Amino acid sequence: MLGFREDAEWHKACRLSGNERASALADCRNRIRQVETSHLAVQWLRALQALSLPPSERWAVRSSATNEDATQTSFAGLYRTQLGVALSEIDSALKDLWASLWEERVVNYAAHQSLQTPPRMAVVIQPMVDAQSAGVAYSIHPVTGRSNQVTINAVPGLAASLVDGTVKPDQYVVEVTREGKPIRVCKRILAHHSQRLMVSKEGLCTERFDDATHIQSLLTDAQLFSLAQTTKHIEQAFGHPIDLEWAFDARQLWLVQARPITTVRPSSNLTNDDCEWSRTNFKETLPELPSLLSLSFLERFMDNHILSHYRRLGCRIPDGLSSVRVLKGRPYLNVTLFHILVAQLHGNPSLNAEQMGGEPLQTIPQVQPLNRAAFVRACWMMWGEIRRVERSGPRVFQEMKNLAAAYRREHILHLSVEELMPELDKLGPWLEGRDVTFGIVGGVGQCLQIFSQFLPRWLGSDWRSLLNAALQGQGTIISAQQILRLAELTDIARDEPAAGTFFTSEPWIASRFREALADTTFLRTFDSYLEDYGHRAVGESDVMSPRLAENPESILAIVRIQLISDSPSQKSILLRQGSERIAALAQIKERIGRRYHRWIIFMWCYRRLCRFFALREANRHHLMHYSTAIRSLLIRLGELLVERSLLDQVDDVFFLTINDRADLLAGSTRDWKAVIKSRRTERERNGVVEVPDTIRDWETASEPSVTSDKSEGNGILSGTPISVGTVVGPVRVVRSVADWSKVRPGEILVVPVIDPGLAPLFGLAGGLIAEMGGTLSHGAIIAREYGLPTIANVEGATAQLADGQRIMVDAGSGTICIEPPPRP
């Protein structure tokens, strides 16, 4: 520039300060605006006319300085951009952008960054886009640095109002794979928009919205996916994270400019927020709202009895990941973590959802499996654990049963608070070395891995149905035997006049059963049943859940219904189970044919799987003896604390965590009554909040969402086959024990989960549908053993199906047909 020495003027301004610097810079800007540029105007005018745009076209004049958008220094927002410029105004806009190099804020920023070289300014002239929406996309999360999340901010019309901060944008987060392929929109926060900035023939103008349109999403999922994928492609081309200015007009996506992100470091380390979480497994054996005490125990149990085994096998658990998380009082299992652990052991993690229930993992993490030597070592250790379980299981189960007997109420009434506490403290370490859960799950998983590898080729696509049919009626599943015991009680009531009279009397008063049935065979058999199964319950993994023995009338009601309805006898049930099992095994043998080595492999795995299924249910059955012993001690402790005025009511003790209980008895002066009152209030609030069964974005997990049902249209629902059979009957939705008395023979039970505590109802049911559950869930094993047609993982079943509605359940294919109502 003639007569203007940039280097000298820049260094002069940098040496000055205050008003002297401001005056020198103002002089530089004035001199720049007076420069003659007609020779340059000829060139840019010729170039713009070559675009063949109409004379009324409006233009964007944008800065592109040599020190702008660098990796270490961005100079963001310091230089000027002019939008909606007419062709005749471009010369003035060019000089204005050049002059913006000499703003005081630019020199101050450069001095702060210790930049000695004066910048140069190029100017970009672009045709204006008639933007429907525009904004900024970040190739990594701008706060957390997560590289698997593209964050998008959008405003209606042009993005100038977003850049200057005068408008609140819609915010979206798109989850992507390592290759940059979009998976899902995991966050969508919509802002209130009352107007948009747009370009017209006269320049920039503001258009106001009608009330009906100001709250809708600015971008479709297709646009978000396209923008996210493009942002990741540009990041790969640049070799570092970027933020991208973009705009959508009515036809396509336009890219305005890209800058490096300099303030956040990208992170590929998994955090709990990156993981997917499911209520599966926990929802099956815990009540909808577990007690605070059980939640505190659950976290310890998972770490001490599950994750510790994986660590011992050599698995690496990423730092910062936990196995359990709680939302609105409900516990969630980290399914991403268990995918990682199974994959490290060279297993097939895709089977996790089928076996445990819930939805398949959507975002698959990258996993480094154990090397050969470590894997061989892990296999040897796992084999040893499985063998230990087979040998020691029966002994451990008997010890658990003895423990419950030792802590019966009549045996602990004499203990004081100071004597009860050591007994409770002993029960935690007591389980160490006796818990056989991990080895049993390993034995079951070993067999199912082999079956999933070979049986599709040996038996065909319906191999699961055949295997499920072959697994029923073993007679070794202790949890299923109680169904037969109830059938036995019904048979006795049919044959014994006193029992028959009691159960058929009207009105029937269940609470008088001991008086009415004194000295009967039925009562002695019923007491034997309670001795063996009275410690079981719905939601039984929570020590707060009442046991069946505390409400025997609920079981007697089932016996009464079976008696009045003339339900099948114990003998007929056993005959049905046996014949169906034998038929399934015969069909499997026929399909395998003369390949005898295949039959040998099948039978080895089949017998082994049957043994471990029996061990799995025996383990749960006897762990509930352990749980009952703890419950007995806690209830007595609660009674004594009420006597000391430390608690208001006995079950307050379940609202204390393990650490709370220790603090209270150590003499803490905390107002425990007020604490428990607050926790009860919170529990009541949580009780009216619906939460999803699967969480992929923890931040938005408690926001209202639409349930995605597995409907195929035409009244067809689908899920995971658990136990084969086809049945037609009316629906009975069972959400709690309060619904048990409504169940009638032949009804198809529709439940949130297959809680093993529902087993007494299976003898009445014609079929079973569950919203959540897997092939290895405890309730599924019981239903399969009994031969009850069962389908699990039918999302929204309790909402879509109503009492009395007739449906057909085809548990072999996992489909449910909702029959139309009959014509009047």
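**Figure 1. Buried residues of helix α5 in the predicted model.** Helix α5 (residues 104-112) has Val106, Val107 and Ala110 as its buried residues, where buried means under 20% relative accessible area, exposed over 50%, and partly exposed in between (1.4 Å probe, protein chains only). Viewed down the axis of α5, these buried residues fall within an arc of 95°, so they line one face of the helix; the arc is that of the directions from the helix axis to the C-beta atoms. An α-helix has 3.6 residues a turn, so residues three or four places apart point the same way. The buried residues of α5 pack against α1 (6-15) and α2 (18-33), contact meaning heavy atoms within 4.5 Å. Helices (H or I, at least four residues) and strands (E, at least two) are DSSP runs, numbered from the N terminus. The model is predicted, with local features needing pLDDT of at least 70 and side-chain atom pairs counting only at pLDDT 80 or more, while totals for chains, interfaces and linings use all residues. Residues are numbered from 1 along each chain as its sequence is written, and side-chain values use heavy atoms, with hydrogens and water left out.

Figure 2. Eight cavities of 30 Å³ or more are found in a search of the whole structure. A cavity is a set of points, on a 1 Å grid over the protein atoms alone, where a 1.4 Å probe fits but cannot get out; lining residues have an atom within 4 Å of a point. Grid points are joined across faces, edges and corners, and a volume is the space filled by probe spheres set on the points. The volume of the largest cavity is about 170 Å³. Its lining has 14 residues, and Glu354, Leu448, Trp463, Leu467 and Thr775 lie nearest the centre. Two or more lining residues come from each of α11 (351-356), α15 (437-459) and α16 (463-470). The largest share, four residues, is that of α16. By class, the lining of the largest cavity has seven nonpolar, four polar and three charged residues. In this scheme Ala, Val, Leu, Ile, Met, Phe, Trp, Tyr, Cys and Pro count as nonpolar, Asp, Glu, Lys and Arg as charged, and the others, Gly among them, as polar.

**Figure 3. The second largest cavity.** The second largest cavity holds about 90 Å³ of space. The residues lining this cavity are His141, Arg146, Gln149, Val173, Cys186, Lys187, Asp273, Arg696, Asp697 and Glu699. Two of them are nonpolar, two polar and six charged.

**Figure 4. Surroundings of Asp755.** Asp755 sits in the loop between β20 (748-753) and α26 (759-762). Its relative accessibility is 4%, so Asp755 counts as buried. The side chain of Asp755 reaches the backbone nitrogen of Gly757 at 2.7 Å. A polar contact is a pair of N or O atoms within 3.5 Å; within protein, one must be able to donate a hydrogen and the other to accept it, and residues adjacent in sequence count only if both atoms are side-chain atoms. With neighbours within four places in sequence left aside, Asp755 is in contact with Glu284, Ala537, Val538 and Gly539.

**Figure 5. Surroundings of Glu639.** Helix α23 (residues 596-643) contains Glu639, which is buried with a relative accessible area of 18%. The side chains of Glu639 and Arg636 make a polar contact (2.9 Å). Beyond its neighbours within four places in sequence, Glu639 is in contact with Arg409 and Val650.

**Figure 6. Surroundings of Arg735.** Arg735 is in the loop between β19 (726-733) and β20, and is exposed, with a relative accessible area of 55%. Not counting residues up to four places away in sequence, Arg735 touches Pro752 and Thr798. A polar atom of the Arg735 side chain lies 3.2 Å from the backbone oxygen of Thr798.

Figure 7. Most residues other than glycine have a negative phi, and most peptide bonds are trans. Glu506 and Pro507 are joined by a cis peptide bond, with omega about -5°; Pro507 is in the loop between α18 (497-504) and α19 (513-516). Ser52, a residue other than glycine, has a positive phi near 60°. Ser52 is in the loop between α3 (38-49) and β1 (59-65) and counts as exposed at 65% relative accessibility. For Asn281, phi is positive and near 75°. Asn281 is in the loop between β12 (277-278) and α8 (282-285) and, at 28% relative accessibility, counts as partly exposed.

How values were computed: 1 Å grid on protein atoms, 1.4 Å probe; cavity = no way out; pocket = protein on both sides within 12 Å on 5 of 7 lines; lining within 4 Å.
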